[in-house]
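Take a walk through this structure with the sequence at hand.

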Amino acid sequence: MKYFIYLFLWLGVVACHPQPSFQVSGKFNQTLKSKTIDVFIPQGKGDSAILSGVLNEDGSFLIKSDITPGQMLEVRLKKDYIDIPLFAENQNYTLIRENDKYYFISDDANSLQNRFITFRKELDRLTDEYNRLCEGYDTISDILVKAQRSELLGEKFQAKDDYILKGIQDFKGTEISQYLAQETLLFLEHDYNAFTKVMEILGNNMPENAMKTHLINSYNNLKNRQLTGVAPDFELPDPNNKPIRLSSFRGKYVLLDFWASWCAPCRKKNKELFKLYPELKAGGLEVISVSLDDNREKWLEAIKTDQVNWTQLADLKGFKDSEVRQAYKFSQVPTVFLIDPQGEIVKTNPGIDDIRKVLSSN
């Protein structure tokens, strides 16, 4: 009788301690420096490890644990700089390698993780394509050739950016969406329009976690740095050394474009503006380009080469020392401001559709 009582109690203990429902396993087929494999919760800053496992000499590993499902995780080999994203559900995950990249696939074919990995593989392909095109860019000495490469890079970057936005939309409401936004934060923190678009997609239903806090704080910091109100006035010389004051254009919409002859993306924008200028001018818009060159001859040569036929001014103190640049609070060129007839800044870095919309509403 006692035997059956003990057996019953033992079964009760087992029933109260279920087996771990989260399992990650696999094998790295390369020489590794790391001795452990760690699982982190991405927080933007100060990520915290929640699990750790031993890496065997042959690169194999097995981690079992209970874990709250619905979390975005990163599996890391610190000394080998390997980070592998994983969306945690109560499933088994197996390491695979494709095109020199590692992924975790779930044993559930229809899992969110497997959908994410399908997305991830295409994103990695687009990223590799962009990175290959970047090779040798800094060594191109011909600015026009560099501008052509920059134009192609811009197209590839836009394709990658559009794909990321699609992913943020497709995985909206999950931590995957937040993770994709946080991965691009280094870029977003320098592009208010792009960051605003991402935050609008994420909406008010983001899961409560450290990633949400970090994204919101980063966005608010960028928002607070945006130039608003009346555009700072200035006076600068045109190619004939005639001083031109910004406030003399009051009563008209103004597209204020900051650029430099050494900036390949700026030269690309000159080509775009050259095509659009007749339309913009007919719509009542004045275009003013301000060069931040420190070499007058290079500025004038660029104007001639790019066939610029709108108002051209120069702050020949150069990018670093330009007081006008500092007044407009930007850190890279090209940067463009749309200013209304009252001298108020309407939008920073507007697209052509933004400009057309503003002009058509007046």
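L256 touches F234, L246, I288, V290, Y328, T335, V336, F337 and I339, leaving aside residues up to four places away in sequence. Contact here means heavy atoms within 4.5 Å. This is a predicted model: local features need pLDDT of at least 70, side-chain atom pairs count only at pLDDT 80 or more, and totals for chains, interfaces and linings use all residues. Residues are numbered from 1 along each chain as its sequence is written, and side-chain values use heavy atoms, with hydrogens and water left out.

L256 belongs to the largest nonpolar core, which has 43 residues. Such a core is a set of buried Ala, Val, Leu, Ile, Met, Phe, Trp, Tyr and Cys residues joined through side-chain atoms within 4.5 Å. Buried means under 20% relative accessible area, exposed over 50%, and partly exposed in between (1.4 Å probe, protein chains only). L256, F258 and Y328 touch the most other members. Strand 11 (253-259) is among the elements that give two or more residues to this core, as are helix 8 (264-282) and strand 12 (285-291). The largest share, 6 residues, comes from strand 11. Helices (H or I, at least four residues) and strands (E, at least two) are DSSP runs, numbered from the N terminus. Apart from this core lies another, of 30 residues, including L165, A181, L185 and L222.

Which residues of helix 4 are buried? They are E175, I176, S177, Q178, Y179, L180, A181 and Q182. That is 8 of the 9 residues of helix 4 (residues 175-183), so the helix is largely enclosed by the rest of the structure.

Now the cysteines. The whole structure holds 1 disulfide (a pair of cysteine sulfur atoms within 2.5 Å). It joins C263 to C266, with S to S at 2.3 Å. The link of C263 and C266 is right-handed, with 80° about the S-S bond. Both C263 and C266 are buried. C134 is partly exposed, at 28% relative accessible area.

Last, the backbone. Most residues other than glycine have a negative phi, and most peptide bonds are trans. A cis peptide bond joins V333 and P334, with omega about 0°. P334 sits in the loop between helix 11 and strand 14. K329 is found in that loop too. K329 is not a glycine, yet has a positive phi of about 55°. K329 is exposed, with a relative accessible area of 56%. N241 also has a positive phi, of about 65°. N241 lies in the loop between strand 9 (235-237) and strand 10 (243-245).
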